[in-house]
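Colleague: I am new to this one. Could you walk me through it?
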Amino acid sequence: MDWMSAKHWPKGIGAVLAVLLGIGLATFQLDDPTFTNLRSHSQGIGNWLGLPGALFAGSLVEALGSAALAAPLLLLNFFLSPRNRPRALAYLGWSLVLLAGLSSLHGLWSEALRPGLQASGLMGWSMRAWALRTTGPIFGSAIVGVVVLAALNRVGYHPCL
């Protein structure tokens, strides 16, 4: 059985971790503790994965906002798609750029499209503050949009760049 060989174990473990992260993000609740806010809710932890799921999912949502939902998909793509090992670090770097860019775009346009929507995370909030002070939301979105398209191209493994 070739799928049981030792070279396939990291793919399986990575896929399980990606699915667990997805479950943790899907059952995220605002009252659960995170790495930056370790307070305990009186009704207990609502995340299905308990304290570890609440800590990781809550911290990702605090940092990236709704763009954190793409993290399990990127991890699943990383572990299950065939790629050579020297480019693994580059893939992870471009994945982080993609997550930051998506969060930034959400931060730039969430307030304009739907006032009061504050789900862009710290990355989106800081990008919005930078764009409003330096380039403006239109030009800032264009810059971030180009970066997101480049990251999508690299993460999607197209040989265009």
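Colleague: Which residues make the nonpolar surface patch?
Modeller: This is a predicted model. In it, Trp9, Ile13, Val16, Leu17, Val19, Leu20, Ile23, Trp48 and Leu49 make a nonpolar surface patch of about 900 Å².
Colleague: And where is Trp9 found?
Modeller: Trp9 is found in helix α1.
Colleague: Let us turn to the rings. How many aromatic pairs does the structure hold?
Modeller: There are 3 aromatic pairs in the structure. One of them is formed by Phe35 and Phe56, with 5.3 Å centre to centre and 80° between the planes. That arrangement is edge-to-face, because planes over 60 degrees apart are counted that way.
Colleague: Where do Phe35 and Phe56 sit in the chain?
Modeller: Phe35 lies in the loop between α1 (9–26) and α2 (50–64), whereas Phe56 is in helix α2. The two are 21 residues apart, and their pair links distant parts of the chain.
Colleague: What about Phe78 and Phe79?
Modeller: Phe78 and Phe79 also form an edge-to-face aromatic pair, at 5.0 Å centre to centre with 75° between the planes. Phe78 counts as buried because its relative accessibility is 10%, while Phe79, at 22%, counts as partly exposed. The cut-off for buried is under 20%.
Colleague: Which aromatic cluster includes Phe78 and Phe79?
Modeller: Together with Tyr91, Phe78 and Phe79 form one aromatic cluster.

Definitions and conventions:
Residues are numbered from 1 along each chain as its sequence is written. This is a predicted model: local features need pLDDT of at least 70, side-chain atom pairs count only at pLDDT 80 or more; totals for chains, interfaces and linings use all residues. Side-chain values use heavy atoms; hydrogens and water are left out. Rings of Phe, Tyr and Trp (its six-membered ring) pair if their centres lie within 6.5 Å; planes under 30 degrees apart count as stacked, over 60 as edge-to-face and the rest as tilted. Helices (H or I, at least four residues) and strands (E, at least two) are DSSP runs, numbered from the N terminus. Buried means under 20% relative accessible area, exposed over 50%, partly exposed in between (1.4 Å probe, protein chains only). Patches are made of residues with over 30% relative accessible area and no salt bridge: like charges are joined within 9 Å, nonpolar side chains (Val, Leu, Ile, Met, Phe, Trp, Tyr) within 5 Å. Accessible areas come from the Shrake-Rupley method with a 1.4 Å probe; for residues, only the protein chains shown count as cover. A salt bridge is a side-chain nitrogen of Lys or Arg within 4 Å of a carboxyl oxygen of Asp or Glu.
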